[in-house]
Amino acid sequence: MFAVENGLQGDPRLQTISDAIRVIPHFPKTGIMFQDITTLLLDPVAFKHVVDIFVDRYKHMNISLVAGVEARGFIFGPPIALAIGAKFVPLRKPGKLPGRVISEDYELEYGNDRLEMSMEAVKTHERALVIDDLVATGGTLSASINLLERAGAEVVECACVVGLPKFKGECRLKGKPLYVLVEPSQDIRIESSLHLLRRQRGSDVILLRNLHSGPLRPLSLDQLRTVFPHLELTGSDTLSTGTDDAKVCSATVLEALAKVLSARAREQVANKFQEESAATSRSPNQGKRSAETCCCNPA
Amino acid sequence: MQSIVSSYHLCLAHPPPPVLCQRLLCHRIPSIRLPSRRSTTSLGLFTCAAVSRESEMAAKEDGQDPRIPKIASSIRVIPDFPKPGIMFQDITTLLLDTEAFKDTIDIFVERYKGKGISVVAGVEARGFIFGPPIALAIGAKFVPMRKPKKLPGKVISEEYSLEYGTDKIEMHVGAVEPGERAIIIDDLIATGGTLAAAIRLLERVGVKIVECACVIELPELNGREKLGEAPLFILVTSDAA
């Protein structure tokens with residue numbers, strides 16, 4: 001079940017949370033669009049929203065144990081546990097927990113993994129919450145539920161910040177309800193695509209064509225730098241034409257950009273260009289070396 | 001055996017407080033053989049009962065925080081883990097004690113709130129447990145410092161020495177900005193290698209380390225020396241072996 005399906009429809013905090021999550025394409029391997037919550041942790045307002053929403057939901061459910069899966073569950077679990085007066089139980093990779101442990105094997109895409117919990121963690125019949133940053137296959141959460149139930153706890157719910165859309169509605173994991181704040185973010189930030197660009201340096205030069213409708217808005221090299229600070233553009237990176245347009249181009253890089261930039265990101269860049277252009281046109285002496293720029297759409 | 005030292009005042013020029021002498025005395029008592037899975041609720045309190053009483057009195061005399069003894073006693077010591085000879089300081093029992101966990105965080109928050117600290121860096125993985133609650137309470141961002149290849153996107157890394165070989169920790173590029181003021185959190189400081197690497201990482205990008213903060217210090221391992229000018233704040237000291 002997603003937060004929007006359970007009373008938080010239109011809650012602006014959910015958009016703030018979603019916007020704070022960065023997508024890294026092709027990590028850890030090609031084809032995976034990694035939902036990176038570290039950018040959410042850099043935003044104290046968004047991070048607090050996550051904790052507040054979970055705390056509001058769980059504080060009256062008589063939960064005495066919050067279990068967090070290593071390692072990102074360790075980030076979200078303790079603040080919730082502290083706020084609702086529950087203990088925090090780390091669920092760890094093998095060999096990390098000292099003392100007596102119980103283990104549960106679970107399947108990965110290729111091979112198996114194992115999760116462990118301390119045997120001292122659970123008093124029988126405690127009501128428990130399992131927390132992790134993201135749910136994809138549900139394998140890790142299912143293993144967590146098994147561990148807690150074998151130790152005698154009653155798992156009330158599993159909670160995640162991000163979840164695939166398939167977990168909407170009454171979807172359950174091993175019979176336990178699942179509560180998710182947001183779907184995976186589709187927006188690839190400019191910053192994410194730029195680390196692709198970095199790998200294409202050297203003689204490659206990037207052609208950025210204007211996307212938004214209306215007449216072309218030429219921008220100066222300085223303005224290009226403002227919007228793409230990571231490009232480290234210098235005079236030698238640009239080709240000047242008779243009209244003083246600075247162009248930076250590369251077909252292969254363009255193609256890479258086209259694949260990762262979402263419509264929304266393109267729109268954001270286009271808007272930014274529009275603002276910059278308006279500022280330039282107000283002061284005619286600036287932007288003498290103007291550039292035809294924007295992000296890509298090869299069509 | 002554990003002792004309790006409050007480290008609000010870290011200036012080495014001051015003579016050690018009375019409680020430190022109690023700790024040394026405690027070591028000379030013939031050691032009691034412990035079962036391999038000892039809980040602090042049994043023998044731990046028994047062996048240190050005398051010390052606790054004296055140290056509590058000393059604590060009140062020198063203004064030690066009264067929450068510290070409970071925090072110290074909630075930490076379980078597991079002998080010979082992960083290998084023979086090591087007395088493992090297990091904070092998972094502290095996390096099971098809601099009052100002790102809350103007190104731990106409260107002490108750090110009281111110390112760092114309102115000091116212009118905008119970055120709380122936590123070292124994987126147990127630093128991830130203590131760092132975020134502190135960051136949230138003081139309005140700072142939380143920056144995870146991780147083992148290699150865990151962080152996606154662009155990172156910077158710093159190598160540090162182990163007993164045999166080296167390891168690395170990594171931080172995201174752009175997570176912090178020059179001029180920010182940071183604290184670094186971990187559950188324990190032993191040799192200080194990891195914390196020193198974390199300090200170097202942050203200083204490389206122009207961040208000022210206000211303090212390193214740990215729940216536990218193993219002073220015999222001299223980790224403090226590796227931290228350079230960065231001060232160290234700890235709640236509890238214990239023996240490495």
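**A salt bridge, an interface and a helix**

Good morning. I begin with one residue of chain B: Lys102(B) has a relative accessibility of 43%, which places it in the partly exposed class. Please keep in mind throughout that this is a predicted model.

Which residue does Lys102(B) form a salt bridge with? The partner is Asp106(B), and the closest N and O atoms of the pair are 2.8 Å apart. Asp106(B) is also partly exposed, at a relative accessible area of 22%; the cut-off for buried is under 20%. Both residues belong to helix α6 of chain B, which runs over residues 98-112, and because they are four residues apart in that helix, about one helical turn separates them.

Chain B contains eight helices and 10 strands. Of its 241 residues, 53% are buried. If one takes the contacts in chain B between residues at least 6 apart in sequence, 62% of them join residues at least 24 apart. UniProt, in an unreviewed entry, gives the annotation "domain: Phosphoribosyltransferase" to residues 111-220 of chain B. That span is 24% helix and 39% strand, with its end C-alpha atoms 26 Å apart.

I turn next to salt bridges elsewhere. Over all chains, a search of the whole structure finds 29 of them. One is formed within chain A by the side chains of Asp36(A) and Arg22(A), at 3.0 Å from N to O. This pair links distant parts of the chain, since Asp36(A) lies in strand β2 of chain A and Arg22(A) in strand β1 of chain A, 14 residues apart. Are these two residues buried or exposed? Asp36(A) is buried, with a relative accessible area of 2%. Arg22(A) counts as buried too, at 14% relative accessibility.

A second example in chain A joins Arg114(A) to Asp105(A), whose closest N and O atoms are 2.7 Å apart. Arg114(A) is partly exposed, at 36% relative accessible area. Asp105(A) likewise counts as partly exposed, at 45% relative accessibility.

We come now to the interface. The size of an interface is often given as the accessible area lost when the parts come together. How much area do chain A and chain B bury between them? The value is about 2900 Å², with 74% of it on carbon and sulfur atoms. On the side of chain A, the residues that lose the most area to chain B are Leu42(A), Leu82(A) and Pro98(A), which together account for 20% of what that side buries. The contact draws 37 residues from chain A and 36 residues from chain B.

How many salt bridges cross this interface? The rule finds one between chain A and chain B. In a salt bridge of 3.7 Å, N to O, the side chain of Glu120(A) meets that of Arg76(B). These two residues also take part in a network of salt bridges that links Arg100(A), Glu120(A), Arg76(B) and Asp90(B).

Which elements of chain A supply the side that touches chain B? At least two residues each come from β1 (22-25), β2 (33-36), α2 (38-41), α3 (44-58), α4 (73-84) and β4 (87-91) of chain A. The largest share, five residues, is supplied by α4(A).

I close with helix α5 of chain A, residues 139-150. With 12 residues at 1.5 Å a residue, this helix should span 16 Å; the end C-alpha atoms are 17 Å apart, so the two values agree. Helix α5(A) is mostly covered, as nine of its 12 residues are buried. The buried residues include Gly139(A), Leu141(A), Ser142(A), Ala143(A) and Ser144(A). Further along α5(A), Ile145(A), Asn146(A), Leu147(A) and Leu148(A) are buried as well. Just after the helix, Gly152(A) takes a positive phi of about 100 degrees.

Thank you for your attention.

Terms used:
Residues numbered from 1 in each chain as written. Chains lettered and ligands numbered in written order. Predicted model: local features only at pLDDT ≥ 70, side-chain atom pairs only at ≥ 80, totals over all residues. Heavy atoms only, no water. Expected span 1.5 Å × (residues − 1). Buried < 20%, exposed > 50% of the residue type's maximum accessible area, 1.4 Å probe, protein only. Contact = heavy atoms within 4.5 Å. Buried area = accessible area lost by both parts, 1.4 Å probe. Salt bridge = Lys/Arg side-chain N within 4 Å of Asp/Glu carboxyl O. UniProt positions renumbered as here; feature names shortened; annotations may be inferred.
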